[in-house]
Amino acid sequence: MEGDAASPNVSGESKAGYILSNVAEVVERILTFVPTKNLLRIASVCRLWRNCARRVLRTQQRLTWLSASGSSMYQEHVLLRTMAEDLEKVYLLPQTALLMVDGENFSWPFSYRQKKARKFENEVASDPVEKLRHLLPSTCDVVGVVASGIVVTPSGSPSSPPEEHEVGEAGFSLLFPAMDGVTIRPFHFCKKSLTESAMEEAGLINNPDLKVVLMFDYETWKAGGGRFLNKLLEPLSQNNVLIIGGQVERAFSNNTSCCSPGSFGAVGLTFSGSKIQGASVLVDQDVSSPKAAEATIQRLKAANIPERNTMGFMFACVGRGHNSYNNQSNVEASAFRKIFSNIPLLGFFGNGEIGCDRIVKENYTLSETDADGLQHSFTTVMSLVHFG
């Protein structure tokens, strides 16, 4: 018994009412079937329900994702509408969110003239990035990118066929709860903010528990961008760490003051902890048949990574996709699904890829490379990350 327990002798009180007011085990079991947003509302009923709700929240440690594709038919990206509806149904409290969308109908940032005109429109948020932040908890760290094309697995089932959207509207949000034994840190750097102390704070250096880094650079084709990216990659390249990602069109995060307009930079997430496992393979530019793609992705099996609470990531060059396979679409995503039948696949088509053939499990590394060897073009980086 705990909380504001009611007396069993109160006249007219039903047995069910008494149990729901006094028996924590029953209340806690019932609350496991309640989506998180409703769970947070329920927690205000009484002390017993609040304590039960907190315990249930601590058990929700499996990541989830929301995805969308197709025309939104509105003045906002299709992912925004999907998130507004589906966040009511998720069973976790997002601590970190990784979002990827295509640039179509995701126009941001607005010019001063556009902002002034939109003040008179009846919209919750004109800026799509602000709308995303409004949808997610205020305590949630947000890292997002805009890319030329998006790879999604439809929401709801990890075994659904993944889809390569080389053109058209598509996007996803990958939601991470607090997980025992897993530390997730976001980062956002530009040439002014990239310092050794900032890299250490993000967990990129002097971090023996670091296992996986997702890294997305933008505008690094500009003067000084190459040196900037090498400064980020060099400390990681010789370590037993999985580094995956690529070059995107734009990026955003909670750190809104990092970059001046038009400057280069990088955003990403670091994953540390003994429960993390990762593996990646590089689908090289000379791979041009479905059979060859499948043979390359098959090598990920060597990592023996469990399918539960595991995410697949695909970061491909805009020059690949149907261009590499005689106008056949969805070749690499379909090959992934054939090999990994119950792992969702998410990613994008970008302007450069970061990664290599690498398996990180215990102390075994499939291959090592330097910073230059982690950067590619006309390739696809296919990877698995397991969160315990």
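Select Leu20 first. Its relative accessibility is 31%, so Leu20 counts as partly exposed (20% to 50%; buried is under 20%, exposed over 50%, with a 1.4 Å probe and protein chains only). The model is predicted: local features need pLDDT of at least 70, side-chain atom pairs count only at pLDDT 80 or more, and totals for chains, interfaces and linings use all residues. Numbering runs from 1 along each chain as its sequence is written, and side-chain values use heavy atoms, without hydrogens or water.

**Stop 1: the nonpolar patch**

Leu20 sits in helix H1. Now colour helix H1 (15–22) and helix H2 (24–31): each gives the patch at least two residues.

**Stop 2: the whole protein**

Zoom out. The protein has 11 helices and 18 strands (DSSP runs: H or I of at least four residues, E of at least two, numbered from the N terminus). Of its 388 residues, 52% are buried. The accessible surface comes to about 17600 Å², and carbon and sulfur atoms hold 50% of that. Take the contacts between residues at least 6 apart in sequence: 81% of them join residues at least 24 apart (contact: heavy atoms within 4.5 Å).

**Stop 3: the cores**

Go inside and select Leu98, Leu174, Phe176 and Phe216. These have the most contacts inside the largest nonpolar core, which has 38 residues (buried Ala, Val, Leu, Ile, Met, Phe, Trp, Tyr and Cys joined through side-chain atoms within 4.5 Å). Centre on Phe176.

**Stop 4: the charged pairs**

How many salt bridges are there? The count is 8 (a side-chain nitrogen of Lys or Arg within 4 Å of a carboxyl oxygen of Asp or Glu).

Select Lys89 and Asp86. They form a salt bridge, with the closest N and O atoms 3.5 Å apart. Lys89 is exposed, at a relative accessible area of 53%. Asp86, at 17%, counts as buried.

Next, Glu294 and Lys338. Their closest N and O atoms are 3.3 Å apart, in a salt bridge. This pair links distant parts of the chain: Glu294 is in helix H10 (residues 290–298), Lys338 in helix H11 (residues 331–339), 44 residues apart. Glu294 is partly exposed at 24% relative accessibility; Lys338 is exposed at 61%.

Then Arg299 and Asp357. This salt bridge has its closest N and O atoms 3.0 Å apart. The partners are 58 residues apart: Arg299 in the loop between H10 and strand S13 (310–317), Asp357 in the loop between strand S15 (353–354) and strand S16 (358–360).

**Stop 5: the cysteines**

Select Cys46 and Cys190. Cys46 is buried at 18% relative accessibility. Cys190 is buried too, at 4%. The disulfide count is 0 (cysteine sulfur atoms within 2.5 Å).

Technical notes:
Accessible areas come from the Shrake-Rupley method with a 1.4 Å probe; for residues, only the protein chains shown count as cover.
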